[in-house]
Amino acid sequence: MAIDRDATLKQADKLLRQGKLDGAIAEYVRLVEDQPQDWNSINALGDLYVRASRNDKAIEQYIRVADHQFSEGFFQKSAALYKKALKLQADHEHILMQLASIGERQGKFVDAKQYLKQVARQRESRGEDRAAAECILRLGSLPESDVESRIAAAHAAQQLGDGFRAVELLKEAAFTLEKQKKRTEALQLLAEAADIDPFDAELRVRLAREFLAAGQTRQARVYLSFETAGDDVELLLALATLEFAEGKEEDARIAMGRVLALAPDREPDIVKLADELMAKGRVDSAFACVDAITDAALLQGDVPKAAAALRKFIDHTPHQPATAKLVQVAEDLLRRDPANEAHAELLRHILTLRGISNPETAIARVRAGESAEEPAPDALSMDDFDLTAAIPEVRDAGALPEVDIFVYPENDIPTMPEVPVADLPLELPAAQEAIPDPPITGDEDDRVMLELAEIDLSSALSGLLSSSPQPPVSFVRASAGEPVSGRASASEDAFARASAGESPAETPASHVEEPPATVEDPAPDLEDVFAQMRAKSAREQQASAALAQYDQATQLIEQGLDKEAIAALEAAARVPMMRFKAATRLGRLLIDRGDLNEGVEWLERAAEAPPTSPEEGYDLLYELAGALEAQGESARALAILMELDSESDGYRDVRTRIMYLSRAQQAESHRP
């Protein structure tokens with residue numbers, strides 16, 4: 001029966017005037033229980049609890065009303081109630097977080113920062129590092145956060161395993177510093193972001209350019225590679241210079257080749273670089289520049305230009321590789337135009353430098369289409385061998401004596417007494433009846449119970465009632481004139497006739513093999529049928545109980561009772577039908593609580609069970625890989641990500657993470 005609200009309020013007021021505070025509270029409690037959405041009465045009940053110095057009960061009533069107002073979008077009213085409760089308990093985290101949310105929604109970011117900082121300090125004091133990091137991340141993500149807050153939030157995001165969010169926050173902080181004309185500090189933050197995400201090509205290109213512009217070539221080298229340089233001519237020239245500085249002439253030559261292919265008009269820059277290297281006495285490095293210019297000219301079909309570049313270099317500094325290449329170029333020119341005396345003079349000049357005594361002969365060979373150098377004589381030819389030379393005679397050693405090295409002493413040979421064929425027994429062993437498996441009555445092995453086939457009792461019993469006993473099949477020894485009865489095979493029948501002295505072709509009509517008698521399989525045991533039915537019933541009961549435990553765990557998590565939820569999830573995960581969902585939820589809960597090792601173990605157990613859907617299976621493998629990476633097991637994380645990529649095409653950022661982990665492992669393997 002509904003309570004009369006007005007009468008109850010009048011009675012409560014009367015009790016208050018009489019000083020009976022507890023009686024008035026009892027009336028309000030009775031009214032609120034009957035009308036749980038009477039928010040004014042709930043608020044009044046909270047005030048009565050304050051008068052009675054029962055602050056915990058008062059806070060409960062205020063939060064109840066404030067949460068309702070918040071959900072309805074009445075942020076100003078809810079904020080007033082939250083602050084009213086906060087006066088009674090200044091460190092109440094739910095109230096502080098709700099006030100921070102209201103501040104964000106109303107644009108009061110100063111108030112939101114204040115509440116979030118207080119919650120972060122409280123969590124840090126309790127040793128809840130992960131929870132504190134979440135609060136710091138939220139604080140640094142506010143629109144009006146300063147540089148320090150964003151940097152702290154980036155570190156918190158990295159602690160939580162969210163590298164992409166950390167990079168975004170560092171970039172935002174760097175952008176703020178650039179506007180404040182703090183270029184060096186901004187570059188440091190961008191470099192830190194590049195270390196977190198080494199696959200951000202755009203960021204690495206920017207860093208390479210920024211450091212080069214600032215004259216910090218060492219820092220630029222960290223981010224400059226053929227991949228980051230791409231088709232940027234300036235970066236390729238800088239890369240070539242840095243490769244020369246490290247003594248990598250071949251890589252530098254490749255970089256300069258790309259420069260000339262993209263921008264042939266930048267050849268003077270490469271010539272300038274060659275001159276600088278020559279001034280430092282690095283002849284090989286200088287020739288790498290000239291070699292790149294030569295190759296570019298040859299690719300364009302401009303052989304005279306290639307020859308001119310090589311001759312200029314050789315005239316300045318005789319260099320064996322340059323001389324050898326100029327010989328090839330000069331030969332090509334003369335071979336194309338044998339009558340050209342300028343080409344012949346070039347070849348004559350270079351051959352003279354190489355010390356050829358008779359260059360005119362070489363020129364004549366080139367004009368005839370041959371090589372300039374004389375072919376080296378073979379060290380040996382067939383004429384050097386005298387195939388008619390006498391072979392020394394070998395004295396006949398005589399025939400070898402015949403020796404039988406295998407000796408079998410007659411007394412050592414094992415013998416077997418001869419037995420007449422007719423006396424050999426032909427009785428076959430009687431067929432053994434199949435022993436049924438013992439019924440499964442316990443629930444220790446859930447996998448066996450899941451693999452039991454569904455049994456239809458009516459069909460099983462009908463088969464049992466319809467089966468009729470069959471006479472046993474016997475096999476007797478075949479003798480002369482007796483056919484083999486029962487299920488004897490044709491080979492056994494022929495053997496019996498052979499033992500009686502008969503010919504296989506002269507088989508009497510009475511010995512013609514009859515079709516084997518059919519023997520029906522033994523009928524299922526009635527006890528087996530009921531045992532399997534009991535197993536099925538037990539399996540269904542276990543599944544129902546596990547589902548109830550899972551639902552209970554979900555409610556406990558919402559109530560903040562993590563320990564009780566963990567126990568319920570562990571019980572539910574013992575049943576195979578719920579193992580995937582329960583183990584997955586338990587692993588996530590443990591990781592959120594900061595127990596990474598235990599959480600990973602439960603995620604691995606979930607991965608061993610069949611997923612409820614392919615998408616949920618992909619999500620689990622992705623989370624497991626992230627947890628293993630946070631645990632420091634990069635190799636296992638990489639293996640799981642590769643498996644996930646093979647099963648799902650383009651799932652989230654799996655391929656990016658595979659590239660990151662692969663390069664990280666390669667870098668680790670090259671460390672001393």
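Which residues in α3 meet which residues in α4? On the α3 side these are Trp-39, Ile-42, Asn-43, Leu-45, Gly-46, Asp-47, Tyr-49 and Val-50, and they meet Asn-55, Lys-57, Ala-58, Gln-61, Tyr-62, Arg-64, Val-65 and His-68 in α4 (contact means heavy atoms within 4.5 Å). By class, this contact has eight nonpolar, five polar and three charged residues; Ala, Val, Leu, Ile, Met, Phe, Trp, Tyr, Cys and Pro count as nonpolar, Asp, Glu, Lys and Arg as charged, and the others, Gly among them, as polar.

The model is a predicted one, where local features need pLDDT of at least 70, side-chain atom pairs count only at pLDDT 80 or more, and totals for chains, interfaces and linings use all residues. Numbering starts from 1 along each chain as its sequence is written, and side-chain values use heavy atoms, with hydrogens and water left out.

As for geometry, α3 (residues 39-51) packs on α4 (residues 55-71) at an angle of about 155°, the axes being 7 Å apart. That makes the two helices roughly antiparallel (angles over 145 degrees, on a scale from 0 to 180 between N-to-C directions).

Zooming out, the protein has 32 helices and zero strands (DSSP runs of H or I, at least four residues, and of E, at least two). Of its 672 residues, 35% are buried, meaning under 20% relative accessible area with a 1.4 Å probe, protein chains only.

One buried example is Val-366, with a relative accessible area of 0%. Val-366 sits in helix α22 (residues 359-367), and its C-alpha atom is separated by 7.0 Å from that of Leu-334, 32 residues apart along the chain.

Methods:
Angles under 35 degrees count as roughly parallel, over 145 as roughly antiparallel, 65 to 115 as roughly perpendicular and the rest as oblique. Buried means under 20% relative accessible area, exposed over 50%, partly exposed in between (1.4 Å probe, protein chains only).
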